[in-house]
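Let's take a walk through this one together. Have the viewer open and follow along as we go.

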Amino acid sequence: MVKARFNQFLIFLIAALWVLSCTPASASLQAQVDRNPVAMNESFNLTLSSDSSDGEPDLSALKRDFDVLGQSKSSSFQIINGQISHNTQWQISLMAKHAGQLQIPAISIGGQSSAPINLTVTTASQAGTAQQSRDLFLEVSATPQTVHVQQQIIFTVRLYSALSLGEGSSLSDPTFPNMDAVVERLGTDHPFEVMRNGQAYSVIERRYAVFPQKSGQFSSTPIVFDGSVVEANQNGGGFMFNPFSQSTRQMRLDSKSVAFTVKPVPPGYDIRQWLPASNLQLTEQWSENPPRFTVGEPITRTLTITANGLTATQLPALDSGKIAGLKLYPDQPTLKNGQDGNGIIGTREQKIAYIPTRAGNVTLPAIEIKWWNVNTNQAEVARLPARSITVLPGSPNQVSAPPPSPAPLVTQAPASTTLSGNVPRSSGAFVSGSQRWWPSLAVLLGLGWLITLLAWWWRAHQKTPSAGADAASEETLGKLEKQFRKACMENNAAQAKTQLLAWAKQRWRQAPPASLTALARLCEPELAEAITQLDGALYAKTQAQWHGDILWHLFNQHKPGGKPVKTKKTDSLEPLYRNS
C-alpha cells in the first residue's frame with residue numbers, strides 16, 4: 001500500500017517537473033521597424049513579436065502621427081528538446097502624416113507592452129524622395145483658369161510612372177473647397193507613353209469637366225496617388241533574375257493645387273438664361289423637305305439646340321407660343337449629353353406638330369437664343385429667321401373651310417351617291433369630281449385611324465418596368481413628397497431644397513436636374529417662379545421671410561406629371577450659380 005502511494009507521488013513529481021521544463025520562462029512583446037529613417041509619403045513596416053497569442057494589438061495610439069495602411073498576422077509553434085517555442089507576429093504597414101522626429105508609442109497586446117521607438121521622417125525635398133519624384137510624379141492642369149460662373153473647366157490629371165505599379169493603386173478625384181463646383185468625369189482613363197529628359201514614362205491621364213457655382217478666388221485640393229510600387233530585385237551578387245524575390249512598398253504622392261478665378265455673369269443677364277458655351281447652334285428639320293402645308297394635315301418640325309460646354313439640362317425650353325391659323329402640339333423634349341475632346345456637348349431636341357386650320361399665308365415667328373461665347377467673351381444669338389408659309393386648302397371645292405370631321409363624311413358619302421341620278425346634266429362635272437374626291441379622303445382618313453391604332457398598340461406593348469418597380473418608385477416619390485411638405489410647412493428653406501432635389505432625382509432618374517435652377521426649367525411658370533424664390537431665399541440675409549406653404553401649394557397643384565419620366569441615360573451637370 002505504501003509502495004503504491006510512493007509510486008503515484010513519484011509519477012506526479014516527474015510530470016510536474018516536465019511541465020515546468022516545457023513552460024516558457026516569461027512572456028515578452030518586441031517591436032521593430034524595417035528601416036529608420038523613412039521618407040514622407042513612403043510606407044514602412046512595424047513588426048510586433050510576442051511569445052503569447054492572447055489578444056490583438058491596440059493601434060489607437062499610432063493614429064495621431066501615422067496612417068495605418070494594413071495589417072497581417074502569422075504564428076509559429078515548435079517543441080525542441082522538450083522546450084515549447086510559440087511566437088506570434090503582427091506586420092503593420094504605416095505611413096507618417098508629417099516629417100520630423102516622431103515616436104512610435106508603446107503598443108499593448110493583452111497584458112504586454114512594447115517599448116517606444118524613435119523614428120526620423122525626412123521631408124519630400126531630401127535626396128531619397130527626389131529620386132522617387134523622378135520615377136513617379138503627378139501633374140495637374142486646368143483650362144481655362146479664369147472663367148465665368150457655370151462655364152466649363154477641363155481639369156486634367158496625369159500620373160507619370162517609371163516604375164511598375166501594384167494592384168489596388170488609386171487616384172483621388174478633384175475637389176474644390178468653397179467653390180461649390182459640380183464635377184463630372186469625362187470618359188475612361190487614357191494611357192500612353194512619353195519621354196521626359198531621356199526617361200521613358202507610362203502615363204495615365206484622367207479628365208474632368210468642372211462647373212463652378214459662384215464667383216470668387218478658389219483652389220483645388222491636391223490630387224493624391226495612393227498605391228504600391230514594385231521594388232527592384234535585391235538578390236545582390238546573384239546572376240539570375242528571380243521574379244519571386246520582388247517586393248512591393250506602399251507609396252503616397254500629392255500633386256500641386258490649381259488656382260481659379262471665377263467671374264460673375266456680365267451685367268444685364270438673367271442667370272436663368274445664362275448660357276456660357278464655346279459654341280451653340282439652333283437648327284430645324286421638317287418631316288417633309290421642303291415643307292408643304294395643307295389644311296388639316298399635320299407636319300412635324302424638329303428644333304434642336306446643340307451646345308459645346310453645356311449640359312442638356314442647362315439648355316432652355318423653346319416656347320412654341322400661339323400662331324394664328326395653326327394648331328401646335330409639342331412633344332416631350334429629348335435631352336442627351338455627349339463628349340468630345342473639348343468636354344461635354346449638350347443637346348435638347350423638341351418636336352412640334354403643326355396642323356393648319358385655314359388656307360392662306362401664315363408667318364412662323366423667328367426663334368432666338370441668347371448665349372455667351374466664352375472664346376470671344378461676347379454675347380451672341382442663335383437664330384432661326386421668321387418663315388412665311390402658304391397653307392393650301394384641304395379640299396379642291398372649298399378654299400377657306402376647315403377639313404370636315406370624319407363623322408359627317410360617313411353620312412355624306414351615301415347622300416352623294418343617291419343624288420347623282422337626279423342632278424341635272426349641267427352639274428355632272430361637279431358630282432363626278434366630288435365622287436372621286438370623297439372616297440380618296442375616306443381611305444386616307446381610314447389609314448390615319450389605322451396608323452393611330454397601331455401606334456397605340458405598339459406603345460402599350462413596349463417593355464416597361466415591372467409593376468413592383470413602378471410601385472416602389474411611386475412609394476419613394478410619396479415619401480419624398482411628405483418630407484418636402486414637412487420642410488415647407490416648417491419654413492425650412494435648406495431642407496426644402498434638399499428634399500425637392502431628392503424628389504426630382506427620383507422623378508427623372510436617368511437625367512435628374514442638379515440644381516433648383518435646372519428643376520425650375522422643367523416646371524410650369526407659377527411653380528418655376530416659386531422654386532426660384534426658394535433658390536433666392538437660401539442666400540438672402542433674412543431667410544425667415546420665406547413662406548414654404550406657398551411653394552408646397554403650387555407644387556401640389558402643378559408638379560410635373562404622374563409617373564417618373566423615363567429618358568435616355570445622360571450625365572446631368574446642371575450647375576447652380578451663386579454670387580459670392
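**Starting at helix 8**

The buried residues of helix 8 pack against helix 6 (493-507), helix 7 (516-520) and helix 9 (548-558). Keep in mind as you look that this is a predicted model. Which residues of helix 8 are the buried ones? They are Leu 527, Ala 528, Ala 530, Ile 531, Leu 534, Asp 535 and Ala 537. If you wonder about the spacing in that list, an α-helix has 3.6 residues a turn, so residues three or four places apart point the same way. Helix 8 itself covers residues 525-537, which makes 13 residues. From its first C-alpha to its last it reaches 18 Å, close to the 18 Å expected at 1.5 Å a residue.

Now zoom out to the whole chain. It has nine helices and 30 strands. Of its 580 residues, 37% count as buried. Take the contacts between residues at least 6 apart in sequence: 71% of them join residues at least 24 apart. The accessible surface comes to about 33,100 Å², and carbon and sulfur atoms account for 54% of that.

For a piece of that surface, go to helix 4, which runs over residues 428-460 and holds Leu 447. Together with Leu 450 and Leu 454, Leu 447 makes a nonpolar surface patch of about 290 Å². Leu 447 counts as partly exposed, at 46% relative accessibility.

Next, the charged side chains. Side chains of opposite charge can pair when their charged atoms come close. How many salt bridges does a search of the whole structure find? The search finds twelve. One of them joins the side chains of Glu 56 and Lys 73, with N and O 2.8 Å apart. Glu 56 sits in the loop between strand 3 (44-50) and strand 4 (66-80), while Lys 73 is in strand 4, so this pair ties together parts that are 17 residues apart in sequence. Are the two partners buried or partly exposed? Glu 56 is partly exposed at 45% relative accessibility, and Lys 73 is partly exposed at 44%.

Another salt bridge brings together the side chains of Asp 189 and Arg 185, at 2.7 Å from N to O. Asp 189 has a relative accessible area of 30% and is partly exposed; Arg 185 is partly exposed too, at 35%. Glu 490 is partly exposed, with a relative accessible area of 47%. There is also a network of salt bridges, which links Asp 67, Asp 226 and Arg 252.

Most residues other than glycine have a negative phi, and most peptide bonds are trans. Asn 491, though, has a positive phi, near 55 degrees. This residue is partly exposed, at 35% relative accessibility. Asp 180 also has a positive phi, near 55 degrees. Look for Asp 180 in the loop between strand 13 (170-171) and strand 14 (182-196). Its relative accessible area is 38%, which makes Asp 180 partly exposed.

Where are the cis peptide bonds to look at? One joins Thr 143 and Pro 144, with omega about -10 degrees. Pro 144 belongs to the loop between strand 10 (136-143) and strand 11 (146-148). Another cis bond joins Asn 289 and Pro 290, and there omega is about 0 degrees. Pro 290 is in the loop between strand 21 (279-286) and strand 22 (293-294).

Let's end the tour at Thr 156, in strand 12 (residues 153-161). Is Thr 156 buried or exposed? At 12% relative accessibility, Thr 156 counts as buried, because the cut-off for buried is under 20%. Which residues does Thr 156 touch, leaving aside its neighbours within four places in sequence? Thr 156 is in contact with Glu 139, Val 140 and Ser 141, and also with Glu 205, Arg 206 and Arg 207.

Notes:
Residues numbered from 1 in each chain as written. Predicted model: local features only at pLDDT ≥ 70, side-chain atom pairs only at ≥ 80, totals over all residues. Heavy atoms only, no water. Salt bridge = Lys/Arg side-chain N within 4 Å of Asp/Glu carboxyl O. Helix = DSSP H or I, 4+ residues; strand = E, 2+ residues; numbered from the N terminus. Buried < 20%, exposed > 50% of the residue type's maximum accessible area, 1.4 Å probe, protein only. Contact = heavy atoms within 4.5 Å. Areas by Shrake-Rupley, 256 points an atom, 1.4 Å probe, with all protein chains shown as cover. Patch = residues over 30% accessible without salt bridge, like charges linked within 9 Å, V, L, I, M, F, W, Y side chains within 5 Å. Expected span 1.5 Å × (residues − 1).
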